[in-house]
Amino acid sequence: MKILAIHGSPRTLRSITRQLAQFVLEGAAEAGAETEMIDLCDLKITPCTACEGCSFNGICVFEDDMPALVERMKEADGVVFASPVYIDNVSGQMKIFFDRLADAIHYQLLAGKFGCSVASTHTSGGDAVVAYQNHVLNYLAVVSVGGISVATGGDSYAVDAREADARALGKRLCAAIADGFSDPKQEAEIADNREFFRDIVVENKDMRTEEYERWAQLGWIP
Ligand SMILES: Cc1cc2nc3c(=O)[nH]c(=O)nc-3n(C[C@H](O)[C@H](O)[C@H](O)COP(=O)(O)O)c2cc1C
């Protein structure tokens, strides 16, 4: 079982968010998972320019690290999104990464996986950023098992007080992958989204025949 954490703080190894995500991964490792942390700051990910090039063939016009990262996500059984709160939202690095997931979202390339989200903040917005990242997981047809945020109030050791909760979240993610996990509310949202994306897949049938056939095989096209 593979769990991949994708971390969006530019403070890399000094990051509180990264520490919290690391606790989640340690919990997952205790449950037997192989884990990996990816720091978005180490990667070259160009912001989406809405050229719609990827809609023709699934390939972005920019040659950067994003295709390899999507492959890593496809290989993983579980995905952890981790971002600091920047002005009530995810960091710019995280948002650029999310925008580049548009094709993976439209074609539901990660459907059936499980995930969770992590955020850290000085004071406010932690839970909202966890909820937003979980919402992005749902766009990807990934069911979230929950999330955790820490508000440090400027005390970088505040994260240590959440270690046990973060480890428990990692274990919960592994249990969902091993035994299944159902959340009717998220499943309904994913089903609604899929209906919307189905129109795109059907409309692009001639350009994206392989994807169309995959959707048909999965029973997603009536
Ligand atoms: C650009 C920027 C914007 C921030 N915006 C907020 C904010 O809206 N609310 C808040 O409470 N803290 C805010 N913070 C503080 C960070 O969320 C907080 O220090 C966080 O723990 C940093 O995580 P990191 O160590 O993983 O980078 C901001 C920090 C920066 C650099």
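Glu52 sits in the loop between S2 and H2, where helices (H or I, at least four residues) and strands (E, at least two) are DSSP runs numbered from the N terminus. The model is a predicted one, in which local features need pLDDT of at least 70 and side-chain atom pairs count only at pLDDT 80 or more, while totals for chains, interfaces and linings use all residues. Residues are numbered from 1 along each chain as its sequence is written, and side-chain values use heavy atoms, with hydrogens and water left out.

The phi angle of Glu52 is near 70 degrees, a positive value in a residue other than glycine. Because its relative accessibility is 56%, Glu52 counts as exposed, the classes being buried for under 20% relative accessible area, exposed for over 50% and partly exposed in between, with a 1.4 Å probe and protein chains only. Ala50 lies in the loop between strand S2 (34-39) and helix H2 (53-57); Ala50 is not a glycine either, yet has a positive phi of about 60 degrees. With a relative accessibility of 59%, Ala50 counts as exposed.

We turn next to the ligand. The ligand is surrounded by 15 residues, of which the closest are Ser9, Ser15, Thr17, Val85 and Thr123, a residue being counted as near if one of its heavy atoms lies within 4 Å. By class, this shell holds five nonpolar, eight polar and two charged residues, where Ala, Val, Leu, Ile, Met, Phe, Trp, Tyr, Cys and Pro count as nonpolar, Asp, Glu, Lys and Arg as charged, and the others, Gly among them, as polar. An N or O atom in the side chain of Ser15 is 2.5 Å from an oxygen atom of the ligand, and for the side chain of Thr121 the corresponding distance to a ligand oxygen atom is 2.8 Å. From Asp88, a backbone N or O atom lies 3.2 Å from an oxygen atom of the ligand. On its own the ligand has 650 Å² of accessible area, and the protein covers 71% of this, as computed by the Shrake-Rupley method with a 1.4 Å probe. Helix H1 (16-30) and strand S4 (114-121) are the elements that give two or more residues to the shell around the ligand.

Apart from neighbours within four places in sequence, Asn138 is in contact (heavy atoms within 4.5 Å) with Val143, Ser144, Gln186, Glu189, Ile190 and Asn193.

Arg194 is part of helix H8 (residues 184-203) and is buried, with a relative accessible area of 15%. Not counting residues up to four places away in sequence, Arg194 touches Gln108, Ala111, Ala141, Trp215 and Trp220. Ala164, in helix H7 (residues 163-179), counts as exposed at 58% relative accessibility.

Definitions and conventions: A polar contact is a pair of N or O atoms within 3.5 Å; within protein, one must be able to donate a hydrogen and the other to accept it, and residues adjacent in sequence count only if both atoms are side-chain atoms.
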